[in-house]
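These are my notebook entries on a single protein chain. I record below what I looked up, entry by entry.

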Amino acid sequence: MEKEIYLPKDLTEFSSMDFVRRLEKISYERYKSIKIIVSNFAKENGRIEPFGALVVINALENLFSICESKGLKWTIEYTKDKYIRNTYAKTMRFYSSLGIPIGQSPDKDYEGSSQKNFIPIMKCSVQAIKSAHYEFTTIKQIASKIAIVASRGNQILFNYIEYCIIEILRNVVDHSESKHFWYAAQTWTSDFGGKTVEIAMMDQGIGIHESLKEELDEKDIGNALRFAMIPGCSSKPTTHYIEEADNSGFGLFMISEICKDTGNIVLASNNDYIKLSTDEEVQSKTYLSGTIIRLRFNLDKLTEYQTQLSELVDKGMEIKDKYIAYRERIKFAPGLPLPILF
């Protein structure tokens, strides 16, 4: 018996997460083969968002690995290039990211500009960065490419986004144990007016829980995604360029604060998912390999940037000091509750 799996028409946060949960429910023992049907998606003109696209890529690569481990045959049914209606998915390199020979490969270099509205799906080798003559420079170059598109020509915003993306990439290279990392970005005019930017980044490594297991004890590890946003919690200087990465441990905290004020941040790692904004905090289960982060904010709401940045640095230092003090006290008082840090 063959199991047919249809891609969702839209690649959004909600449709992609629902797709992952549906895949998790498959009873592989009942089937001899799996067919992924992409033709239904290609013939539609659904919405594509960076985070949703990376989630589906992650889920299908997991599916392929499971099939291989169980000795199941898997195939992809897709529409020929000339019959595709969803050409944006081709431009975004979604088809080629699944191994379909349509569009540019995700490992092909791409130069964005402040006049362009997106960065297509990019797949980069972590080992290539580690083997570079100067790792920090290579990471900064990638962060700059993302920031150019995301900042839309605003130099101050460019500096801030670059600052924060460097920290995220540094953590991927240092701690994820992933062979590759992926990223994509997009800007658009929101339904409520103003420009919205979304940046999504993915690795397929060990995940945040495993990365922080030496830092957190058993009662805290279940809330690892929340801990990862505490300034200093995830900063473990293991690279030779750490002297220049003076934002170490603060990048995820600071950009999460900006995203909460003007949009939201989503962090999904292995089985856990958290979404934070000013109005809500959502936590749920998911089934991914590694970590995917989504940063979304409204560019028009980022006012008085320099003042806000200074305030966030002060707030981050205060939280970091509280956290370090807590970690010291808990050595002598096991079970001590975590103080309110946010």
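Which residues of strand 8 lie on one side and which on the other, and are they buried or exposed? I worked from a predicted model. I found Asp272, Ile274 and Leu276 on one side of strand 8 and Tyr273 and Lys275 on the other, all of them buried. Strand 8 is largely enclosed by the rest of the structure, because five of its five residues are buried.

Entry: partners of strand 8. I looked up strand 7 and found that five bridges join it to strand 8, the two running antiparallel. Serine 269 has aspartate 272 as its bridge partner in strand 8. The two strands form a hairpin with two residues between them, and asparagine 270 in that turn has a positive phi of about 50°. I then turned to strand 9 (281-285). Strand 8 and strand 9 are also antiparallel and are joined by five bridges, with lysine 275 paired to valine 282 in strand 9. This hairpin has four residues between its strands.

Entry: aspartate 279. I located this residue in the loop between strand 8 and strand 9. Aspartate 279 counts as exposed because its relative accessibility is 75%, above the 50% cut-off. I also checked its distance to glycine 263, which is 16 residues away along the chain: the two C-alpha atoms are separated by 9.8 Å.

Entry: threonine 291. I placed this residue in strand 10, which covers residues 291-298. Threonine 291 counts as buried because its relative accessibility is 10%, and the cut-off is under 20%. Its side chain makes a polar contact of 2.9 Å with the side chain of serine 269. Leaving aside neighbours within four places in sequence, I noted contacts of threonine 291 with residues including Met201, Asp203, Ile208 and Leu267.

Entry: helix 1. I recorded twelve residues (13-24) and a reach of 17 Å from first to last C-alpha, close to the 16 Å expected at 1.5 Å a residue. Its buried residues are Glu13, Ser15, Ser16, Met17, Phe19, Val20 and Leu23. In an α-helix, residues three or four places apart point the same way because there are 3.6 residues a turn. I found that the buried residues of helix 1 pack against strand 1, helix 3, strand 7, strand 8 and strand 10.

Entry: strand 2. I found five of its five residues buried. Ser33, Lys35 and Ile37 are on one side and Ile34 and Ile36 on the other. Strand 1 and strand 2 run parallel and are joined by five bridges. The chain passes from strand 1 through helix 1 to strand 2 in a right-handed β-α-β crossover. Glutamate 4 stands opposite lysine 35 in strand 2. Strand 3 (residues 73-77) also pairs with strand 2 in the parallel sense, over five bridges, and isoleucine 34 stands opposite tryptophan 74 there.

Entry: cysteines. I looked for disulfides and found zero. Cysteine 67 counts as buried because its relative accessibility is 0%. Cysteine 259 is likewise buried, with a relative accessible area of 0%.

Entry: whole chain. I counted 13 helices and ten strands. Of the 342 residues, 55% are buried. Among contacts with a separation of 6 or more, 72% are between residues 24 or more positions apart.

Notes
Residues numbered from 1 in each chain as written. Predicted model: local features only at pLDDT ≥ 70, side-chain atom pairs only at ≥ 80, totals over all residues. Heavy atoms only, no water. Buried < 20%, exposed > 50% of the residue type's maximum accessible area, 1.4 Å probe, protein only. Polar contact = N/O pair within 3.5 Å; in protein donor to acceptor, adjacent residues only side chain to side chain. Contact = heavy atoms within 4.5 Å. Expected span 1.5 Å × (residues − 1). Pairing = 2+ DSSP bridges. Right-handed = clockwise from strand over helix to strand, strands pointing away. Disulfide = S-S within 2.5 Å.
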